[in-house]
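Keep the structure open while reading.

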Amino acid sequence: MHANKMAGAEPEKKSYVDLREKLNKNSSANKKHLWENRKRKHDQSFGLHRHHSTHDREIELQKVHQGIRQRILFDKEECDKIEQKIDEIVHSADEGNYKSRTVDRAPLRVKYFFGEGYTYGKQLAERGPGRERLFPRGEVDEIPQWIYDLVVLRLEKAGIVPKGFVNSAVINDYQPGGCIVSHIDPPHIFDRPIVSCSFFSESSLSFGCKFSFKPIRTSTPVLTLPLPRGCVTTLSGYAADDITHCIRPQDVKARRAVIIVRRVYPDAPRLEPLMNGSKDQDGESNRESDDDEDEENDEEPPSPKKKRVVLKRNFRRPSQESNNTADQQGD
Ligand SMILES: O=C(O)CCC(=O)C(=O)O
């Protein structure tokens with residue numbers, strides 16, 4: 001005997017259509033729900049789920065804007081002078097006049113660290129936010145006097161940073177197509193604001209943008225901020241701590257340089273100096289790293305490296321806990 005003919009088996013399939021059900025299915029509220037579900041699934045598969053709605057996006061945009069200040073501080077004459085000084089740094093580095101930690105070369109971007117330098121991206125034996133460490137004191141060159149005279153003093157006079165605030169300066173020199181992948185400046189190392197001064201040519205700083213590699217691609221940013229020559233940009237609050245920033249390759253159309261001046265916390269975690277005779281984890285020469293050096297989600301697995309002792313372990317600044325796990329970050 002066939003199973004569904006047995007007593008107590010499932011009732012036979014309805015041979016009629018319940019019009020109330022049909023009406024309900026086709027109601028506009030239901031259709032909207034279905035459409036929203038479909039859109040959410042589509043957005044998720046394209047990595048657009050960061051914002052639940054236009055409203056959320058606008059709120060986030062407002063929060064980013066609140067943490068950004070911009071101003072053209074350096075006139076053409078000042079820019080010319082500073083750019084000439086940057087060129088002198090480049091030549092001096094090419095002649096091998098700096099300590100190995102001072103210069104970090106990537107194919108289309110060179111970084112020069114002064115005052116303080118730190119481990120990031122692929123240089124870390126164990127990568128991830130909160131693991132960045134300052135190099136032992138003296139492993140990078142001092143901040144050149146001209147940076148104090150032409151940049152820091154000017155920023156102090158303009159009230160952009162308090163007197164004596166700056167103890168670290170980084171110059172990034174980009175060639176066309178160069179980039180810095182999405183990252184948050186480590187909040188356990190750097191005080192806020194983060195101050196950057198742009199030179200040579202205009203570029204843009206993008207927020208909340210995801211990178212993928214081989215070939216390099218970027219998702220649509222939450223915000224793209226123009227960075228004209230001579231412009232000073234400060235990041236604090238949400239713009240510095242809760243959303244990543246980057247320079248996209250398509251936004252560097254001509255050579256551009258930036259001087260980033262920051263305050264390193266006096267108690268930020270620091271690597272121990274290497275013992276006499278031990279080999280440096282990066283070798284003797286200048287550090288080499290890829291353009292995706294700062295990116296947490298780069299494709300290369302970290303190469304096994306010799307670990308150094310960290311002076312302060314698991315250091316976290318409670319008020320500025322790195323809250324960037326939901327999105328990509330690095331640096
Ligand atoms: O080039 C810029 O304006 C930003 C660079 C940056 O964010 C960095 O080097 O950490």
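## Confidence and overall make-up

The model is predicted. The chain averages a pLDDT of 79, and 66% of the residues score at least 70. Over residues 41-49 the pLDDT is below 50, and this stretch has five contacts in the model beyond near neighbours in sequence. Where pLDDT is low, predicted coordinates should not be read in detail.

The chain has six helices and 14 strands. Of its 331 residues, 33% count as buried. Take the contacts between residues at least 6 apart in sequence: 85% of them join residues at least 24 apart.

## An open four-stranded sheet

In what order do the strands of the open sheet run? The order is E5-E12-E7-E10, and the pairing is antiparallel. Strand E5 (180-183) and strand E10 (223-227) are the edges, each pairing on one side only. From one strand to the next, the twist averages 20°.

E5 and E12 run antiparallel and are joined by two bridges. Ile-180 has Ile-247 in E12 as its bridge partner. Pairing of this kind goes through backbone hydrogen bonds.

## Strand E6, covered on both faces

Strand E6 spans residues 194-199, and six of its six residues are buried. In a regular strand, side chains alternate between the two faces of the sheet. On one side of E6 sit Ile-194, Ser-196 and Ser-198; on the other sit Val-195, Cys-197 and Phe-199. Both sets are buried, which leaves both faces covered.

E6 has two antiparallel pairings to inspect. With strand E11 (residues 231-235), E6 forms four bridges. Ile-194 has Leu-235 in E11 as its bridge partner. With E13, E6 pairs over five bridges. Here Ser-196 stands opposite Ile-260.

## The ligand shell

Which of the eleven residues around the ligand come nearest? They are Asn-172, Ile-180, Ser-196, Ile-247 and Val-258. Strand E12 (245-247) and strand E13 (256-262) are the elements that give two or more residues to the shell. By class, the shell has six nonpolar, three polar and two charged residues.

Ile-180 and Ile-247, both among the nearest residues, are bridge partners. Ser-196, also among the nearest, is one of the buried residues of E6.

Phe-113 lies in strand E3 (residues 109-114). Is Phe-113 buried or exposed? Phe-113 counts as buried because it has 24 C-beta neighbours inside 10 Å, and the cut-off for buried is 20 or more. Leaving out residues up to four places away in sequence, Phe-113 touches Arg-101, Thr-102, Val-140 and Val-170. Phe-113 and Ile-143 are 30 residues apart in sequence, yet 8.3 Å apart in space, C-alpha to C-alpha.

Ser-201 is found in the loop between E6 and strand E7 (203-207). Ser-201 has 16 other C-beta atoms within 10 Å, so it is partly exposed. Beyond four places in sequence, its contacts are Arg-229, Ala-254, Arg-255 and Arg-256.

## Backbone features to check

Most residues other than glycine have a negative phi, and most peptide bonds are trans. The following spots are worth a look.

A cis peptide bond joins Arg-192 and Pro-193, with omega about 5°. Pro-193 is placed in the loop between E5 and E6. Phe-200 is not a glycine, yet has a positive phi of about 75°. Phe-200 lies in the loop between E6 and E7. Phe-200 is partly exposed, with 18 other C-beta atoms within 10 Å.

Lys-214 sits in the loop between E8 and E9, and Pro-215 lies in the loop between strand E8 (211-212) and strand E9 (217-218). Lys-214 counts as exposed because it has 9 C-beta neighbours inside 10 Å.

Conventions: Residues numbered from 1 in each chain as written. Predicted model: local features only at pLDDT ≥ 70, side-chain atom pairs only at ≥ 80, totals over all residues. Near = placed C-beta within 6 Å. Nonpolar A, V, L, I, M, F, W, Y, C, P; charged D, E, K, R; others polar. Pairing = 2+ DSSP bridges. Axes fitted to C-alpha atoms, helices over the stretch in contact; angles between N-to-C directions. pLDDT = per-residue confidence, 0-100. Contact = placed C-beta atoms within 7 Å. Buried ≥ 20, exposed ≤ 12 C-beta atoms within 10 Å, placed from the backbone.
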